[in-house]
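I'd like to walk you through one model, so let me put it up on the screen.

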Amino acid sequence: MSVLPIVKYPDPRLKKLSRPVEGDPASLRELVRDMFDTMYDAPGVGLAAPQVGLNLRIFVVDVSSHEEGPGPMVFINPELVQGEGRILWEEGCLSVPDMMVQVPRMERVVMEGTDLEGRRFRVEATGLLAIALQHELDHLDGKLIIDRVSPLKRELYRKKRARESARMAG
Ligand code: ZN
């Protein structure tokens, strides 16, 4: 089991557009296992590769601790193929500690991805899973929940985080 360090805001790797995975996805098996270990350890219901410092289009999700669902899933090169409805959801993020943000999301989504065997699959989701899929896809496009708050609130948060990391270093 390897728990990887989670990259925190304002690390620039969180703002980058991640690139698609090419070649045999089986080579990602170890990384994906580490991402699951890291997510469960945190604990969280989703984790995207940029959150462990890799700008690749991969994320893992598992909402089964909160609602009935398919359990652990890995999405390589995910694509949102359908979405409908609007819902406001209060979200947190492992890379933006101690902040909750109300985020407008689609209520139902259909997302496609490739699994570790290289097979393309499709998942239809509502509830927390639909939210998690949209949240993780945002990470691959360099979007964070903190981008959705006012500049003033963001600035206050940035100062608070800087104070905390200075305290940890000191
Ligand atoms: Zn997040």
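Let's start inside: helix α2 gives the most to the lining of the largest cavity, with three residues. Before I go on, a word on what you're looking at: this is a predicted model, where local features need pLDDT of at least 70 and side-chain atom pairs count only at pLDDT 80 or more, while totals for chains, interfaces and linings use all residues. Residues are numbered from 1 along each chain as its sequence is written, and side-chain values use heavy atoms, with hydrogens and water left out.

Helices here are DSSP runs of H or I with at least four residues, strands are runs of E with at least two, and both are numbered from the N terminus. As for cavities, we work on a 1 Å grid over the protein atoms alone: a cavity is a set of points where a 1.4 Å probe fits but cannot get out, a pocket is an open set with protein on both sides within 12 Å along at least five of seven lines, and lining residues have an atom within 4 Å of a point. Points are joined across faces, edges and corners, and the volume is the space filled by probe spheres set on them.

Searching the whole structure turns up one cavity of 30 Å³ or more, and the volume of the largest cavity is about 30 Å³. Its lining is Arg105, His135, Asp138, His139, Lys143, Leu144, Ile145 and Arg148. By class that's two nonpolar, two polar and four charged residues (nonpolar is Ala, Val, Leu, Ile, Met, Phe, Trp, Tyr, Cys and Pro; charged is Asp, Glu, Lys and Arg; the others, Gly among them, are polar).

Now the largest pocket, which holds about 300 Å³ of space. It is lined by 18 residues, and the closest to its centre are Val45, Glu91, Gly92, Cys93 and His135. Helix α2 again gives the most, with six residues. The classes here are nine nonpolar, six polar and three charged.

Because His135 and His139 are four residues apart in helix α2, residues 127–140, about one helical turn separates them. Both histidines, His135 and His139, are buried (buried is under 20% relative accessible area, exposed over 50%, partly exposed in between, with a 1.4 Å probe and protein chains only).

Last topic, salt bridges: a side-chain nitrogen of Lys or Arg within 4 Å of a carboxyl oxygen of Asp or Glu. The count comes to 17. Take Glu112 and Arg122, with closest N and O atoms 2.7 Å apart. Glu112 sits in strand β6 (108–114) and Arg122 in strand β7 (120–125), so this pair ties together parts ten residues apart in sequence. Glu112 is buried at 16% relative accessible area, whereas Arg122 is exposed at 53%.

Then there's Glu155 with Arg158, at 3.9 Å from N to O. These two are three residues apart in helix α3 (151–169), about one turn. Glu155 is partly exposed at 36%, and Arg158 is partly exposed at 38%. Elsewhere, bridges that share partners join Glu91, Arg105, Asp138, Lys143 and Arg148 into one network.
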